[in-house]
Number of protein chains: 2
Amino acid sequence: MAIKFSERVSKVNASEIRELLKLTARPEIISFAGGLPAPELFPVEEMKKVSVKVLEEMGQEALQYSPTEGYNPLRKQIASRMKKVNVETSMDNILVTSGSQQGLDFSGKIFLNPGDVVICESPSYLGAINAFKAYECEFLEISTDNDGMIIEELEEKLSKIDNAKMIYVIPDFQNPTGRTWSLQRRKGLLEVAKKYDLPIVEDNPYGELRFEGEMLPSIKSMDEDGRVIFLGTFSKTFCPGLRIGWVCAEHDILEKYILVKQGADLQSNSMSQRELSVFLDVYDLDEHIEKIKDIYRVRRNLMMQYIKSEFPKEAVATYPNGGLFTWVELPEYINARELMERALKENVAFVPGGSFFPNGGNENTMRINYSNMPDDKIIEGIKRLGKVIKEFL
Amino acid sequence: MAIKFSERVSKVNASEIRELLKLTARPEIISFAGGLPAPELFPVEEMKKVSVKVLEEMGQEALQYSPTEGYNPLRKQIASRMKKVNVETSMDNILVTSGSQQGLDFSGKIFLNPGDVVICESPSYLGAINAFKAYECEFLEISTDNDGMIIEELEEKLSKIDNAKMIYVIPDFQNPTGRTWSLQRRKGLLEVAKKYDLPIVEDNPYGELRFEGEMLPSIKSMDEDGRVIFLGTFSKTFCPGLRIGWVCAEHDILEKYILVKQGADLQSNSMSQRELSVFLDVYDLDEHIEKIKDIYRVRRNLMMQYIKSEFPKEAVATYPNGGLFTWVELPEYINARELMERALKENVAFVPGGSFFPNGGNENTMRINYSNMPDDKIIEGIKRLGKVIKEFL
């Protein structure tokens, strides 16, 4: 049989990270590759109590079909938690999604026609790039520095094209760089988006994992005309296995997300939504997040300390104030995919950074995760990685 | 802000069923509208034990990210259950999806370019129609009778077009008609699909709910060249709230589904997959299905008996040997949407059949569900509905 697939499918590639995760599942591997939370912090005991409570108090409902928009008590709790990013909203502006990855897919589905241009940070989140690619878009990458996207470059590039359709950004502890946008850049982005009348998809999976310093207001919190779609998730603050994220957007836009969710999977898991809702009622998620932050802060410190002592000075790493990743730039003649092959022989893994650039290039970069490995493995892994990098100099 | 959505979003409509379900959530409503399983049959007590077991034995893993393809023990169990539809397969041909609705969405995403034609039964499942519409396809409806799709009409219509891309069918206890295809029609479809080299998406949510008679082999079981993609689900045989379905397809095709799932939601719920897998290990799902069938059979009997005695002879109902629905054709001058408005005043609900015809028309039809209401409400509801129909004669 000669299978004829759609055009769009030919444009999607297997996520290098997902494929890597398979390779790195071997227990002897010290993996800095995934964006995995530390599983030893998952509230397993609490979840046992919560599961039983949900099944005892609303078992039939938890196993039945439920509304596309989400479980209303959870939507209310999410709306209330949006205050943490300075957003006053109500459950009517919240759609529960199957992880925030689903919010990314829906954003592509709702906004992008073939040939449309997505504006994104250079580099940007690989999972978003792949989700959007399925809608046959092009990417216009805007350079970034330690304060976020360079707004002058954004404006200049936007003035030269007429098919930009959507801006996608991760302003807090960005994936892959770990960088956070300054307030000025956030305001600047909103101004430019207004001038060119573009929607902004603000992806914020890591914002609540700040180790030090003051939180900056989300772009959504400064949104005056409903152009910002905020994507949130419990994957990093609670656990990813339940696949619960959300979209917060103005009514007319959210309606489209809801419509698209009907066709995509009808609704998110009825039971997991109720479990999370009961957890939020019975336990203190913020206290739990403090615990996560305490552990990740130590790991970040350790990793940055050992990168400093073990990596050659030619390898320049970002210093993240939160989130899960640091980002290393190597001399241009080093190819991090080749480095990765060599590192795997030493049983150490990371993600070569080239995958985070939708238009290619920048193969001399690495994304390194510090949330998933215990202290001793961070030290040992960075030592081995340092040696491998020195071989390539 | 002037929001510019994608072309495709303008082609998707809110599912009438989902909107109806909201209306019919009032407790005084006797609802024959949804395709909801009977919640009193959900294994709530068993799920309590299973949830605790999963969290005790593999808690961290159940709350962590897991592979896109699905939880391997569950994939094996699904592969083994495929024997029920005469298919010998292995876990490598199984992708776990978030309900079989996700399998429908992915089928559209993988096969359909704008303008491509989907061949479907007339009528067909509304949720599939909406999922495919998002990929800007057209629909070519093929007439059906009590034995399924009319193969001669299929062949004649296919000979006149060159942009058919995919055939979508529900051969067992079809949604919305409750009809089951004969063996001859199944073979006929495969022959025609081979002649025109088209993939077939075989959607089978109800096949295991047969009340009497012999199961017929699935189309997938007679598939010699890997053109059939089989969609299954635990929503009707176990519970829908966990959102677990699957795709069974040949390697090259399944690879595309996996790729698309990476971008769509990374993976299905880690915990629910493990819960279902443990349930399948510890309990006897087939025994559970027998219980469901015993109850639904009684409800089907009761509904058909009262339709016969309470509906006027001008209303012609199908007699389903399984599944959840019967389908009623009224005289052409009766509009079932108007009938529905009137019925709602009597606190009875069903789904007007027009929505199941992607190209419109056939407004004189009704889909009536018998799985979700207890016996006394079936009797009372059908009596009220009979009176309302008689008013419209």
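Modeller: One term first: a salt bridge is a side-chain nitrogen of Lys or Arg within 4 Å of a carboxyl oxygen of Asp or Glu. A:Asp105 forms one with B:Lys109, with the closest N and O atoms 2.8 Å apart.

Colleague: What should I keep in mind about the numbers?
Modeller: This is a predicted model, where local features need pLDDT of at least 70, side-chain atom pairs count only at pLDDT 80 or more, and totals for chains, interfaces and linings use all residues. Residues are numbered from 1 along each chain as its sequence is written, chains are lettered from A in the order in which they are written, and side-chain values use heavy atoms, without hydrogens and water.

Colleague: How many salt bridges between chain A and chain B?
Modeller: Four. There are also 36 residue pairs in polar contact, both residues at pLDDT 80 or more. A polar contact is a pair of N or O atoms within 3.5 Å; within protein, one must be able to donate a hydrogen and the other to accept it, and residues adjacent in sequence count only if both atoms are side-chain atoms.

Colleague: Which helix of chain A gives the largest share of the side that touches chain B?
Modeller: α3(A), with 11 residues. Helices here are DSSP runs of H or I, at least four residues, and strands are runs of E, at least two, numbered from the N terminus.

Colleague: And how much area is buried between the chains?
Modeller: About 7100 Å², with 58% from carbon and sulfur atoms. That is the accessible area (1.4 Å probe) that the two parts lose on being put together, summed over both. Each chain puts residues into the contact (heavy atoms within 4.5 Å): 85 from chain A and 85 from chain B.

Colleague: How are the copies related?
Modeller: Chain A can be laid on chain B by a turn of 180 degrees and a shift of 0.0 Å along the axis, with an RMSD of 0.0 Å. The two copies are thus related as by a two-fold rotation axis.

Colleague: New topic. Is A:Thr326 buried or exposed?
Modeller: Buried, at 0% relative accessible area. Buried means under 20%, exposed over 50%, partly exposed in between (1.4 Å probe, protein chains only). A:Thr326 sits in strand β11 of chain A.

Colleague: What does its side chain reach?
Modeller: The side chain of A:Thr326 reaches the backbone oxygen of A:Thr318, at 2.7 Å.

Definitions and conventions:
Least-squares fit on C-alpha atoms with pLDDT ≥ 70 in both.
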